[in-house]
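Here are some friendly notes to read alongside the model. Please keep the viewer open and follow the points in order.

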Amino acid sequence: MIALVVAALAVMPRIAVLPVINCSDEPSGEFRQQMAESAATFLPRGFAANGFVVVPKEETEAAITAAKVDLTDEETYRRETFLKVGQASHADYVYFATIESNSFLSANTGRVTICVWFLGVGDGRRILSSRRVRGQSKERLGGGPMRTQVVAAARAAEESVKLIVAALGATYQAPGP
């Protein structure tokens, strides 16, 4: 029995999920942070539901610091930078996303577009490279129109996980509540 558990754990890929950075032109700093947190909160759950072992946030942050990477500087959004963090995290894959834009389509509908990088650390393979992914919320939500964009950010993150899972030849599994 223990051998089966060890074998199962050996094939589960490790993924370093870097912080989501909001690069949109949204003037409210607090609202920008809420959108980034919404996407960042979904990602570990989404990847774990699809067979990934998510590198703990503290380890990823330590790897970012050790690699002297400033993710707020768009000039660092390069394959080599992400691979350096992935290697320092002992990950098989590395994921990074920026929020590019957010908008209200109606009082009940918000839209967010993210830009995603997803790389294989061992071989440096670009699975997604600067890929734009859109998320949208279409239902009435408490908290007004801004809340629709916060939900749309999480949906954009979910859409990116769906693309990654499909690119790896698997079927997407939605995380539980």
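1. Buried here means under 20% relative accessible area, exposed means over 50%, and partly exposed is in between, with a 1.4 Å probe and protein chains only. Ser-160 sits in helix H5. Leaving aside its neighbours within four places in sequence, Ser-160 is in contact with Leu-43, Tyr-95, Ile-114, Val-116, Leu-128 and Val-133; contact means heavy atoms within 4.5 Å.

2. A word on the ground rules. This is a predicted model, in which local features need pLDDT of at least 70 and side-chain atom pairs count only at pLDDT 80 or more, while totals for chains, interfaces and linings use all residues. Residues are numbered from 1 along each chain as its sequence is written, and side-chain values use heavy atoms, with hydrogens and water left out.

3. Now the overall layout. The chain has five helices and six strands, and from the N terminus on they run α-β-β-α-β-α-α-β-β-β-α. These are DSSP runs numbered from the N terminus: helices are H or I with at least four residues, and strands are E with at least two.

4. On dimensions, the chain of 177 residues has a radius of gyration of 16 Å, which agrees with the value near 16 Å for a compact globule of that length. The radius is taken over C-alpha atoms, and the globule rule is 2.2 Å times the number of residues to the power 0.38. The C-alpha trace spans about 55 × 40 × 25 Å along its principal axes. Of the 177 residues, 45% count as buried. Among contacts between residues at least 6 apart in sequence, 64% join residues at least 24 apart.

5. The largest nonpolar core deserves a close look. A nonpolar core is a set of buried Ala, Val, Leu, Ile, Met, Phe, Trp, Tyr and Cys residues joined through side-chain atoms within 4.5 Å. Of the 32 residues in the largest one, Ile-15, Leu-43, Phe-47, Tyr-95, Ile-99, Ile-114 and Phe-118 touch the most other members. At least two residues each come from strand E1 (14–17), helix H2 (29–49), strand E4 (93–106), strand E5 (109–120), strand E6 (126–137) and helix H5 (145–167). H5 gives the largest share, nine residues. Apart from this core lies another, of 20 residues, among them Ile-64, Ala-67, Ala-91 and Trp-117.

6. Not counting residues up to four places away in sequence, Ile-114 touches a list of residues including Tyr-95, Ile-99, Val-133, Ala-156, Ala-157 and Ser-160.

7. Which residues of H4 are buried? They are Thr-81, Phe-82, Leu-83, Val-85 and Gly-86, and what covers them includes H3, E4 and E5. In the loop between helix H3 (57–66) and H4 lies Thr-76, which is buried at a relative accessible area of 16%. Not counting residues up to four places away in sequence, Thr-76 touches Asp-70, Leu-71, Thr-81 and Phe-82.

8. Ser-89 lies in the loop between helix H4 (79–88) and E4 and is buried, with a relative accessible area of 1%. Leaving aside neighbours within four places in sequence, Ser-89 is in contact with Arg-14, Ala-16, Val-55, Glu-59, Thr-60 and Ala-63. His-90, in the loop between H4 and E4, counts as exposed at 62% relative accessibility.

9. Please check the backbone at two positions. Most residues other than glycine have a negative phi. His-90 has a positive phi of about 55 degrees although it is not a glycine. Ser-130 likewise has a positive phi of about 55 degrees and is not a glycine. Ser-130 is found in strand E6 and is partly exposed, with a relative accessible area of 32%.

10. Finally, is Asp-123 buried or exposed? At 55% relative accessibility, Asp-123 counts as exposed, and its place is in the loop between E5 and E6. Asp-123 and Ile-21 are 102 residues apart in sequence and 25 Å apart in space, C-alpha to C-alpha.
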